[in-house]
Amino acid sequence: MAGGYKKQGYAWAVSAGLNAALAAISAKFFQPQLVRYGLVILFNAIMWGCYVNSLKALSSLQATVTNFATNFLSSGLAGFFLFEEALQYQWFLGAALIFPTPLSNALLAAATCLWKPRTAASLIQESFCFLEDHEWQTVCSMKYEAGKLQNDAENG
């Protein structure tokens, strides 16, 4: 099903945003220059890997907005809690405008994707049925079910 593949994409996009925030946090948190630069490079490399994987399942707009929203919120909250930076009301207003739509959907999708058991057949179906068009999903699901019935008839 297309929803599972898309959920994986959101999980990758959220991971990319969190790793981008960790790069910024490590740049402020660690004093030795070598450690600081090493962690920034490490977290950015992981972030790019996660972002590229999110692009395989999502549109570039969905992946970018989810990545940005996660990075924005986690960096801001880390600055507030870890470094005691002041957050102005404009930050909260911007966060309120960003959070309700893409990030909340992405977090829900990522959470359900991580704990959903899947069979090999459903993973194959999710790999091929990733388009957002409902008619395509319906046709793809029908082809999958028809193939499954044919396979069951041949083996049974």
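I began with the largest nonpolar core, which has 9 residues: Y10, A13, A16, A20, M47, C50, Y51, L58 and A63. Such a core joins buried Ala, Val, Leu, Ile, Met, Phe, Trp, Tyr and Cys residues through side-chain atoms within 4.5 Å. Buried means under 20% relative accessible area, exposed over 50% and partly exposed in between, with a 1.4 Å probe and protein chains only. I noted that α1 (2-29) gives the most to this core, with 4 residues.

A reminder to myself: this is a predicted model, where local features need pLDDT of at least 70 and side-chain atom pairs count only at pLDDT 80 or more, while totals for chains, interfaces and linings use all residues. Residues are numbered from 1 along each chain as its sequence is written, and side-chain values use heavy atoms, with hydrogens and water left out.

Next I picked A16 and asked what it touches beyond its neighbours within four places in sequence. I found M47, C50, Y51 and N67 in contact with A16 (heavy atoms within 4.5 Å).

Then I turned to the rings, which pair if the centres of Phe, Tyr or Trp rings (for Trp the six-membered ring) lie within 6.5 Å; planes under 30 degrees apart are stacked, over 60 edge-to-face and the rest tilted. I got 7 aromatic pairs by this rule. F72 and W91 have ring centres 5.3 Å apart and planes at 20°, so I logged them as stacked. W91 counts as buried at 16% relative accessibility, whereas F72 is partly exposed at 24%. Ring pairs also link F68, F72, W91 and F92 into a cluster.

How values were computed: Helices (H or I, at least four residues) and strands (E, at least two) are DSSP runs, numbered from the N terminus.
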